Amino acid sequence: MDIDAWVWWLIGAVGLGIPLVLTAMPEFGMFAVGAVAAAVVAALGGGIVAQVLVFVVVSVALIAVVRPIAARHRADRPQLATGIDALKGRQAVVLERVDGSGGRIKLAGEIWSARAYDGEQSFEPGRQVDVVDIDGATAVVM
């Protein structure tokens, strides 16, 4: 059974696609595209040297061009604050007097225990305060 070179290149492309899916490493996808390009050269009658050269050039070109663009897009993506990080910097309403030893606030529709950032300060009910930190289940306010 004699298999043409272009079929081997396609088998190689599929083989490189498997770790791409399993590891989510885009470099494998770029090598798979290089293997498909080499398969095209083989199907058009190019020699083994031309096939390997096209594989290397296409793969390296994709890595050199696509990786920096992907890294830029990954770095530019806005970070979404979730959980307690989303509560920091928000305003709350004092429900029970808050001082250095404790109190209660209404934060994001929920009642939280709270304490003053500065132990000397106190906040009376109805006053707006800013949440500067979350310490366990206690909001630190000022």
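Two aromatic pairs turn up in a search of the whole structure. Rings of Phe, Tyr and Trp (its six-membered ring) pair if their centres lie within 6.5 Å; planes under 30 degrees apart are stacked, over 60 edge-to-face, the rest tilted. Trp-9 and Phe-55 form a tilted pair, at 5.4 Å centre to centre and 35 degrees between the planes. This pair links distant parts of the chain: Trp-9 sits in helix H1 and Phe-55 in helix H3 (residues 48-76), 46 residues apart. Helices are DSSP runs (H or I, at least four residues), strands likewise (E, at least two), numbered from the N terminus. Both Trp-9 and Phe-55 are buried. Buried means under 20% relative accessible area, exposed over 50%, partly exposed in between (1.4 Å probe, protein chains only). Ring pairs join Trp-9, Phe-31 and Phe-55 into a cluster.

The model is predicted: local features need pLDDT of at least 70, side-chain atom pairs pLDDT 80 or more, while totals for chains, interfaces and linings use all residues. Residues are numbered from 1 along each chain as its sequence is written, and side-chain values use heavy atoms, without hydrogens and water.

The unreviewed UniProt entry annotates residues 6-22 and 52-70 as "transmembrane region". Such annotations may be inferred rather than shown by experiment.

Trp-6, Leu-10, Val-36, Val-40 and Leu-44 make a nonpolar surface patch of about 460 Å². Helix H1 (5-23) and helix H2 (26-43) each give two or more residues to the nonpolar patch. Patch residues have over 30% relative accessible area and no salt bridge; like charges are joined within 9 Å, nonpolar side chains (Val, Leu, Ile, Met, Phe, Trp, Tyr) within 5 Å. A salt bridge puts a side-chain nitrogen of Lys or Arg within 4 Å of a carboxyl oxygen of Asp or Glu. Areas come from the Shrake-Rupley method with a 1.4 Å probe; for residues, only the protein chains shown count as cover. Leu-10 lies in helix H1 and counts as partly exposed because its relative accessibility is 33%.
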